[in-house]
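Here is a short note for a colleague who has not seen this structure before. Please read it with the model open.

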Amino acid sequence: MQGKRLKAIERMLSIQSRIRKLAEWRQKAIELQATAARAESRALVAALNGEGPTAGLFADMTARRLHRTEVSAARFEAAAIVQAKQVLAETGREKRTARLADHVRKVKLRADQDGALVEIMDAREGQRAATL
């Protein structure tokens with residue numbers, strides 16, 4: 001019975017690990033999007049502050065694009081915070097499952113050792129009874 005339980009817990013641990021990795025990948029993707037949005041924002045600000053013949057030509061469109069970029073960057077940063085909390089939660093679940101798997105392995109090992117000891121003792125008793 002311990003063997004089946006251990007297999008089930010090891011499968012859960014494998015799944016938990018995959019879920020944590022997916023959460024980390026999502027977090028990284030969101031952080032990359034936020035970084036890209038901030039870089040675009042800086043480029044738009046530089047374009048608005050720029051000197052040259054086309055400096056004021058597209059100022060309205062650039063300002064609107066800058067606003068949209070800033071809004072999306074703020075959204076990405078908020079999503080990154082939420083995803084970081086999710087990664088922490090998934091990491092905690094994975095660690096708890098790993099501790100449970102270790103505990104079940106130890107219990108199974110003890111049960112196997114006890115069974116082997118009982119078999120050895122029974123064999124000894126059988127040999128002793130046979131010699132009497």
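The numbered points below go from the overall form to single residues.

1. Basis. This is a predicted model, where local features need pLDDT of at least 70, side-chain atom pairs count only at pLDDT 80 or more, and totals for chains, interfaces and linings use all residues. Residues are numbered from 1 along each chain as its sequence is written, and side-chain values use heavy atoms, with hydrogens and water left out.

2. Overall form. The chain has 2 helices and 0 strands. Helices (H or I, at least four residues) and strands (E, at least two) are DSSP runs, numbered from the N terminus. The C-alpha atoms fill a box of roughly 115 × 20 × 15 Å along the principal axes. The radius of gyration is 31 Å, while a compact globule of 132 residues would have one near 14 Å. That radius is taken over C-alpha atoms, and the globule rule is 2.2 Å times the number of residues to the power 0.38.

3. Helix H1. H1 has 48 residues and reaches 70 Å from its first C-alpha to its last, close to the 70 Å expected at 1.5 Å a residue. The expected span is 1.5 Å times one less than the number of residues. Its buried residues pack against H2; among them are Leu6, Ile9, Ile30 and Leu44. Buried means under 20% relative accessible area, exposed over 50%, and partly exposed in between (1.4 Å probe, protein chains only).

4. Contacts. Buried residues make up 19% of the 132 residues. Contact means heavy atoms within 4.5 Å. Among contacts between residues at least 6 apart in sequence, 85% join residues at least 24 apart.

5. Thr69 touches Ala37, Glu40, Ser41 and Leu44. Gln83, also in helix H2, is buried at 12%. Gln83 touches Ala23, Arg26, Gln27 and Ile30. Glu94 is in helix H2 too, and is buried at 15%. Glu94 touches Leu13, Gln16, Ser17 and Arg20.

6. Salt bridges. The count comes to 9, each a side-chain nitrogen of Lys or Arg within 4 Å of a carboxyl oxygen of Asp or Glu. Arg20 and Glu24 meet at 3.0 Å, N to O. They are 4 residues apart in helix H1, so about one helical turn separates them. Arg20 is buried at 16%, whereas Glu24 is partly exposed at 33%. Glu40 and Arg65 meet at 2.6 Å, N to O. This pair links distant parts of the chain, with Glu40 in helix H1 and Arg65 in helix H2, 25 residues apart. Glu10, Asp102 and Arg105 are linked in a network of salt bridges.

7. Loop and surface. Phe58 sits in the loop between helix H1 (2–49) and helix H2 (59–131). Phe58 is partly exposed, at 45% relative accessible area. Leu57, Phe58 and Met61 make a nonpolar surface patch of about 330 Å². Patches are made of residues with over 30% relative accessible area and no salt bridge: like charges are joined within 9 Å, nonpolar side chains (Val, Leu, Ile, Met, Phe, Trp, Tyr) within 5 Å. Accessible areas come from the Shrake-Rupley method with a 1.4 Å probe; for residues, only the protein chains shown count as cover.

Notes
Lists of a residue's contacts leave out its neighbours within four places in sequence.
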